[in-house]
Amino acid sequence: MKRRQFLSHAAAGAAAIGVPGLVGVGRREHEVVLRGGTIVDGSGRPRFVADLAITRDRIAAIAPRVAERGDREIDCRGLVVAPGFVDIHSHGDGTLFDDPNAEGLIRQGVTTIVVGADGSSRASVRDLLAHLAVLPPALNVGTMIGLGTVRGAVVGNDDRAASRAELAEMVRRVEEALADGALGASSGLEYTPGAFAPRDELIALCRPLAARRLAYHTHMRNEDDRLLDAIDESIAVARGAGCGLQVAHLKTQGPRNWGKLDTVFARLEAARAAGVDAAFDRYPYLAYQTALTNLFPVWSRDGGTPRFFARLDDAATAARIRTETLDKVALIGGWDNVQITSVSAAEDKAAEGRRLGTFAAERGSDAYEFTVAMLRRNSGSVGMIGFAMSEENLERILRHEWGMVASDGGAFATSGPARRGVPHPRGSGSFARVLGRYVRERKVLTLEQAIHKCTALPASRIRLADRGTLRVGAYADVAVFDPDTVIDRADFTDPFQYAVGFKATIVNGGVSFADGERFARTGRALRGS
Ligand SMILES: [Zn+2]
């Protein structure tokens, strides 16, 4: 029974028996009441024990004792009740239309994802949001406008400057995407064709963000030897455009670059002091995931896959590509720090989940030659994981005042169409891993800090109104978990394992997941305000 309907029944009943004082005693007024949980509200303030009541899609009460009963009552004693997690750098759109249940996310308390990261989004934000609205997915989905996508549509895949007319058209497309509800703009400057955008072009494309107080989210041009230049460029773009800056998956890649983190922090802090609203996110793992072609220099990929293979066929360019690629592989510590995640060619399926150096050696092949041949067999489309990061730096990035959690992962499931390849475990584990490993086990963060970094802080970067904190009137996006048992299970060998320790996940007031069972899909398409 819905609230309004109930109230009219209750009023009639009370009038009939003539005892108005009894109206409301034991009445069922709310859809859901979470009883006796430890509320960690996302703001960063200390936890407290309370009931939390949900009416329709909003939080109706947070109080020591909510008298009214709920259609559904959930015993949360001993458990943490937190805002649903907001993942502002997600690749969940890769599987969402094949499997809208997003079980790997729902089962770790994620209630909102923002897709269109790394410069790559749907060309039409309006169409994407319309399709999501009719789906609907199990969680809320918003999107960035991908600046690489915009460049590809207007300029193409070549490494050349945009003409004045092309630049004007790209700006128009960004403005249109923001008007249609994009929550920011993303770049992927290690990917083609996004990498061909010079600084001035990025500034021009980010200017429309300023008026809406949205941020430029960047997968920077480099995350290893030229990391500091890339930080400077990111700050210059945000400053030039007058918008906020979100450095995506901040890292110092390759042991020889681990010592740069102090300088990275110093430059971002100086930028903040000078008025640039700079922040960053990070997934809680020491390995990254990308395309195998990213081991190859950007210039070799100019113009798209056929031209990449043509340069590998040309003796003059092939030697240079080999030298630069081997240097990149040395930077991350050798071929066995490269793990293959996904292929399309049937004959390469055995490589999924394997370390490239060992796998090539077992076949009597040179790792470089094997890699090139495998890319040819798969039309250039092979996924990889690279192990090259520092635990100490990861912890410092998570702990930093302006560091927040984002998965950079996909929406996977243990069965069905969202079980694909051998992906990075971050998709199904990031948020549980922060709570289990970095809060409980390693004590890098307090629970209150960690929840803030998974909820209100990322929500503020995309200006999500009424999500990311537990307060009366906010949307009822809620995660309930046991702080003593929460942990990720997905790993690099078997990433298709759900996190554990989660009791319930509520999305827009609907119970999406509880006690191991999946229920309604109540997610929405999120538009910028
Ligand atoms: Zn990225």
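This is a predicted model: local features need pLDDT of at least 70, side-chain atom pairs count only at pLDDT 80 or more; totals for chains, interfaces and linings use all residues.
**View 1. Salt bridges across the model.** The count comes to 46 salt bridges. The views below pick out some of them.

**View 2. D75 pairs with R77.** A salt bridge joins D75 and R77. Their closest N and O atoms are 2.7 Å apart. R77 has a relative accessible area of 63%, so R77 counts as exposed.

**View 3. D348 pairs with R377.** Here the closest N and O atoms of the salt bridge are 2.9 Å apart. Where do the two residues lie? D348 sits in the loop between β15 (338-342) and α12 (356-362). R377 belongs to helix α13 (residues 367-377). The pair therefore ties together parts that are 29 residues apart in sequence. Is D348 buried or exposed? D348 is buried, because its relative accessibility is 3% and the cut-off for buried is under 20%. R377 is partly exposed, with a relative accessible area of 31%.

**View 4. R440 pairs with E441.** This salt bridge links R440 and E441. The closest N and O atoms are 3.9 Å apart, and the cut-off is within 4 Å, so the pair counts as a salt bridge. R440 is partly exposed, at 23% relative accessible area. E441 is partly exposed too, at 48%.

**View 5. A network of salt bridges.** Which residues are linked in this network? They are R35, D51, R65, R69 and E73.

How values were computed:
Residues are numbered from 1 along each chain as its sequence is written. Side-chain values use heavy atoms; hydrogens and water are left out. A salt bridge is a side-chain nitrogen of Lys or Arg within 4 Å of a carboxyl oxygen of Asp or Glu. Buried means under 20% relative accessible area, exposed over 50%, partly exposed in between (1.4 Å probe, protein chains only). Helices (H or I, at least four residues) and strands (E, at least two) are DSSP runs, numbered from the N terminus.
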